[in-house]
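Hello,

Here is the structure I promised to pass on. Please have it open while you read; my notes follow below.

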Amino acid sequence: MNSTISYWNLTGNKTHYPRLDKSISADVLIIGGGIVGVTCAYCLAEKGIMPVLIEAGALADGTSGNTTGKLTVQHDVIYYKIAEKYGLKAAQDYFSSQAGALDFVKNAAEKEKIECQLTSNNACIFAVNNEELDTLEREYKTAKKIGIDAQLRINPDFPPGSKGLLSYSGQYVFHPVRYIDGLAKAAADKGAVIYCDTKAVKLEDGELKKIRCEGGITVTAKHVVMATQYPFYDGANLFFTRLYPKRAYGIAVRAKREWPEDSYINVGDPARSIRTHIEKGERILITVGESHDTGRGYGDMAKHFDNLLKFADQTAGAADVIAGWSAQDYDTPDELPYIGRISDNSNIYAATGFRKWGLLSGTLSGMLITDLIINGNCRYEGLYSRTRSDITSSFKKAFVGTVNPVIELVKSKLEGTRGIEGLQPGEGRVIRFGGEKAGVYRDDNDNVTVIDITCTHMGTELNFNSAEKTWDCPAHGGRYNTDGKLLEGPPKDSLKVLFKGTYKDFLDKY
Ligand SMILES: Cc1cc2nc3c(=O)[nH]c(=O)nc-3n(C[C@H](O)[C@H](O)[C@H](O)COP(=O)(O)OP(=O)(O)OC[C@H]3O[C@@H](n4cnc5c(N)ncnc54)[C@H](O)[C@@H]3O)c2cc1C
């Protein structure tokens, strides 16, 4: 599978919005047109505030358009962990806030007549060994205590080989791109102004905030919502030390056998998450997983898709693959997102660290940030605050062995290089060029591109992602194509090209 476009973007039929072509001012500027930005635009417009939303590409081009499309309060196992660290009331608040976001999606889809195949089902998490079963039992006990409609089944019939299954009723799946597109249209009808192909490159803080965009245009605003997944502007919050980028892969397949319509995910690793989507009467099996730290542990992209396909085949007899894609999201030390002001009394807001459950936490973010802008405060502010004591948490243990952005930065400087000899078409490698570390890529037409692989965000050296033919930052998740063009993540600039020519030219010259 060569192309990587998600099933949702393949079938989504997105509305086109114009590029911003002159400097403007607005009461509220939202940067980013994923689930966070669009929900926020809708909520504000509903309350009579006309925000401006700018998106670097098209709406839902980011992670929101590349998901599994599950809308559930079952975020792997989370409730017993929150209860242990922050108390049962915090676990209860997490549940109520997420359940409120689920109600919001249901109500908005109905009210705005958004055709997004929103379908109710059970969300299930399954264990394949005794240790995982113990974990499920702990989660089940906490879930019952805080009022989740949960059921624990031992030795269920499905998925094959599972020892236990924890299911929550009244959960949902949908078509995320159709939902975001429909919600954006409703927001625009109510007065929100949306611009696509408009990238913010710099934010100057002050009483009024000045946001510089590509092409020299500026937007002046009183409030700025950074709905960019990784905060576009950090202030002094050092978000980069507390966000861990993870990539994951997805496929959509037609299958030969029947399978249950509920959603499933496993407790352990490697992650396997499935759900059913029905398109014009046809059942499609969506399978997502193979998560790993961005910039590390890629192997071959085909391997990730093969592993998912094998799982889909065991589940329902995969007949053909319609789409395959990959995307990234950020983890936090205590597995809770950060939602709110970037510093006390600031009118700049961020929402990030959704740990692959941001369709709901992102909806919640749009709702809460709207309240912060309009009322100055919101419910659940403390639970999702950037100032909570997450770093000193017992959850930290869970992060031993995972990527640490600061260590990655140092490590990247020390890692060795190789020569260019024997570089194969389709291969990228770190070499020395003019005495400095550089990245070289040889394409299928025998052209070679050498780029400066120092990430333009914070100076970490990039690694080649042989799966997707990109240069990825292991520290903060910035990604560039083989010509050095910025694709996603916190950096604002592309990379410098040091050489472009044929492989033979390169060998003759250097
Ligand atoms: C494989 C995978 C499967 C997932 N499945 C689920 C699921 O089933 N259920 C669930 O709840 N969650 C899921 N998630 C998580 C969820 O998709 C994300 O947490 C959520 O979509 C993040 O939304 P967002 O709006 O913050 O970011 P995004 O959707 O990435 O939106 C950010 C937008 O900001 C734009 N942007 C960035 N920088 C700038 C700039 N400087 N100027 C202008 N625009 C900019 C980007 O182009 C992008 O469109 C999954 C994640 C992954 C990786």
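Lys-210 stands opposite Thr-220 in E10. This is a predicted model, where local features need pLDDT of at least 70 and side-chain atom pairs count only at pLDDT 80 or more, while totals for chains, interfaces and linings use all residues. Residues are numbered from 1 along each chain as its sequence is written.

Some terms first. Helices (H or I, at least four residues) and strands (E, at least two) are DSSP runs, numbered from the N terminus. Two strands pair if DSSP finds at least two bridges between them.

Back to the hairpins. Strand E9 (residues 209-213) and strand E10 (residues 218-226) run antiparallel, joined by 4 bridges. E9 and E10 form a hairpin with 4 residues between them. Gly-215 sits in that turn, with a positive phi of about 90°. E9 also pairs with strand E8 (residues 200-204), in the antiparallel sense and over 4 bridges. Here Ala-200 stands opposite Cys-213. E8 and E9 make a hairpin too, again with 4 residues between them.

**Domains**

The protein is divided into domain 1 (7-66 + 177-241 + 334-396), domain 2 (73-82 + 115-173 + 244-328) and domain 3 (408-509). These bounds come from an automatic or database domain assignment. The centres of domain 1 and domain 3, taken over C-alpha atoms, are 31 Å apart. Their contact takes 4 residues from domain 1 and 7 residues from domain 3. (Two residues are in contact if their C-beta atoms, placed from the backbone, lie within 7 Å.) On the domain 1 side, the touching residues divide into 3 nonpolar, 1 polar and no charged. Ala, Val, Leu, Ile, Met, Phe, Trp, Tyr, Cys and Pro count as nonpolar, Asp, Glu, Lys and Arg as charged, and the others, Gly among them, as polar.

**Around the ligand**

Which residues come nearest to the ligand? Of the 39 residues around it, they are Gly-32, Gly-34, Gly-62, Gly-358 and Leu-359. (A residue is near a molecule if its C-beta atom, placed from the backbone, lies within 6 Å of it.) Helix H2 (35-46), strand E11 (244-255), strand E15 (318-331) and helix H8 (358-375) each give two or more residues to this shell. H8 has the largest share, 4 residues. By type, the shell divides into 15 nonpolar, 18 polar and 6 charged. Domain 1 and domain 2 each supply at least three of its residues.

**An enclosed helix**

Helix H3 (residues 79-86) has 6 of its 8 residues buried, so it is largely enclosed by the rest of the structure. (A residue is buried if 20 or more other C-beta atoms lie within 10 Å of its own, exposed if 12 or fewer, and partly exposed in between; C-beta atoms are placed from the backbone.) The buried residues are Tyr-79, Tyr-80, Lys-81, Ile-82, Ala-83 and Tyr-86. Their cover includes helix H4 (88-111) and helix H5 (130-145). Just after H3, Gly-87 takes a positive phi of about 100°.

**A sheet of 4 strands**

An open sheet has the strand order E18-E19-E20-E25, with antiparallel pairing. Strand E18 (427-433) and strand E25 (497-502) stand at the edges with a single partner strand each, so one side of each has no neighbour in the sheet. Neighbouring strands here are turned by 20° against each other on average, direction ignored. (The axes are lines fitted to C-alpha atoms, and angles run from 0 to 180 degrees between N-to-C directions.) Strand E20 (residues 447-451) pairs with E25 over 5 antiparallel bridges. Thr-449 stands opposite Lys-500 in E25.

**Backbone exceptions**

Most residues other than glycine have a negative phi, and most peptide bonds are trans. Here are the cases that differ.

- Phe-158 to Pro-159 is a cis peptide bond, with omega near -10°. Pro-159 lies in the loop between strand E5 (150-154) and strand E6 (164-173).
- Asp-269 and Pro-270 are also joined by a cis bond, with omega about -10°. Pro-270 is in the loop between strand E12 (263-266) and strand E13 (272-279).
- Lys-280 has a positive phi, near 45°. It is found in the loop between E13 and strand E14 (282-293).
- Glu-290 has a positive phi, near 60°. It lies in strand E14.

Glu-290 is buried, with 25 other C-beta atoms within 10 Å.

Best wishes
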